[in-house]
Amino acid sequence: MEKLLELDNLHVSFQTYGGEVKAVRGVSFTLEKGESLAIVGESGSGKSVTSKSVMRLLPNKIGFIKEGAIRFQGKDLAKASEREMEKIRGAEISMIFQDPMTSLNPTMTIGKQIMEGLRKHQNMSKSEAKERSINLLKLVGIPNPELRVDEYPHQFSGGMRQRVVIAIALACNPKVLIADEPTTALDVTIQAQILDLMRDLQDKTGTAIILITHDLGVVANLAQRVAVMYGGMIVETGTVDEIFYKPKHPYTWGLLASMPKLNAESKELLAIPGTPPDLMNPPKGCPFAARCPYAMEVCVENMPDATDVSSTHKAACWLLDERAPKVEPPEEAVVGGAR
Ligand SMILES: Nc1ncnc2c1ncn2[C@@H]1O[C@H](COP(=O)(O)OP(=O)(O)OP(=O)(O)O)[C@@H](O)[C@H]1O
Ligand SMILES: [Mg+2]
């Protein structure tokens, strides 16, 4: 497989009145051509900041890439100029934002909004761009695209609007599509439809996808690999099967236990007790130690290195050290009851 995007020890901070918020602290991952990677983790774990860094859309004068590289087809985007980024954003790498309401312009027809990128990046004539817009609307499953292309966002339902947002993101055939919680604002049936659509589109277009979500449940159908983030770090990464069936990090166990289960007798969801670390004064050891039921002294004092569990599976946890006691994941964290 061909390496498309590679984050290497990325550190991102925000300068606030209260001090420096160390939102992303040493994130590394790779994305291969055409693959889909899910980034999961609780609110505040650094998922959006990581993806905004790739697009270089951090708030001006407040957000900084402090260290590390973001290599896209060999070029380090962390050091790219705004002019270079303008050529990449929306053309080579596209992003669907967390809040679909703010990503469409209410005063412009959706056709115009799809055509904007096409005209800018692909030098298309008006009529070519319009035709391509209609085809894109068809591709994302919008009925009567010839008519709907001239309508405004408020004339579309929430699910249809998100399809339009996806059409805009795909307009220029990007190599990478970053979808930041693309379905959180939608109801469950529509969520499933949008995820199906994304998988379908990936098959058709070969676009690599980074899917960001706090819900492990939504990744199973779409992603091939999963990175679990906590406190600005990736604490575990593996294939979907490895994360679901052989998870090694107690934080991943917590996320799995808090996932709704189809066959569960009790409908009660187990939230992970405690709160995320203070990123102004991040702990020197494992960020999860304060909430981890298995934490040892070493966990509080030292950040564990990532241990290779397999060639595709890594976890940063002291429990994987040979001197640590052997701990099995709790029953609630075991998908399908197969331990
Ligand atoms: N503009 C900002 N100024 C200061 N701190 C910020 C800013 N944006 C984000 N942060 C901080 O960075 C950390 C990571 O935020 P991020 O938005 O990446 O979380 P997330 O994992 O995407 O969470 P969610 O699931 O809620 O979207 C948080 O602690 C947040 O408070
Ligand atoms: Mg976010």
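Across the interface of domain 1 and domain 2, the rule finds one salt bridge, that is, a side-chain nitrogen of Lys or Arg within 4 Å of a carboxyl oxygen of Asp or Glu. The salt bridge is formed by the side chains of Glu42 and Arg291, at 2.9 Å from N to O.

The model is predicted: local features need pLDDT of at least 70, side-chain atom pairs count only at pLDDT 80 or more, and totals for chains, interfaces and linings use all residues. Residues are numbered from 1 along each chain as its sequence is written, chains are lettered from A and ligands numbered from 1 in the order in which they are written, and side-chain values use heavy atoms, with hydrogens and water left out.

Domain 1 covers residues 3–223 and domain 2 covers residues 229–337; these bounds come from an automatic or database domain assignment. Taken over C-alpha atoms, the domain centres are 28 Å apart. In contact (heavy atoms within 4.5 Å) are 29 residues of domain 1 and 21 residues of domain 2. The two domains bury about 1,900 Å² between them, 63% of it on carbon and sulfur atoms. Buried area here is the accessible area (1.4 Å probe) that two parts lose on being put together, summed over both. Of the area that domain 1 buries against domain 2, 39% comes from Arg25, Glu42 and Leu216, more than from any other three residues.

Next come the strands. Helices (H or I, at least four residues) and strands (E, at least two) are DSSP runs, numbered from the N terminus, and two strands pair if DSSP finds at least two bridges between them. Strand S1 (residues 3–16) runs antiparallel to S2, and 11 bridges join the two. A hairpin connects S1 to S2 through two residues, and Leu10 has Val27 in S2 as its bridge partner.

Glu236 stands opposite Ala315 in S12.
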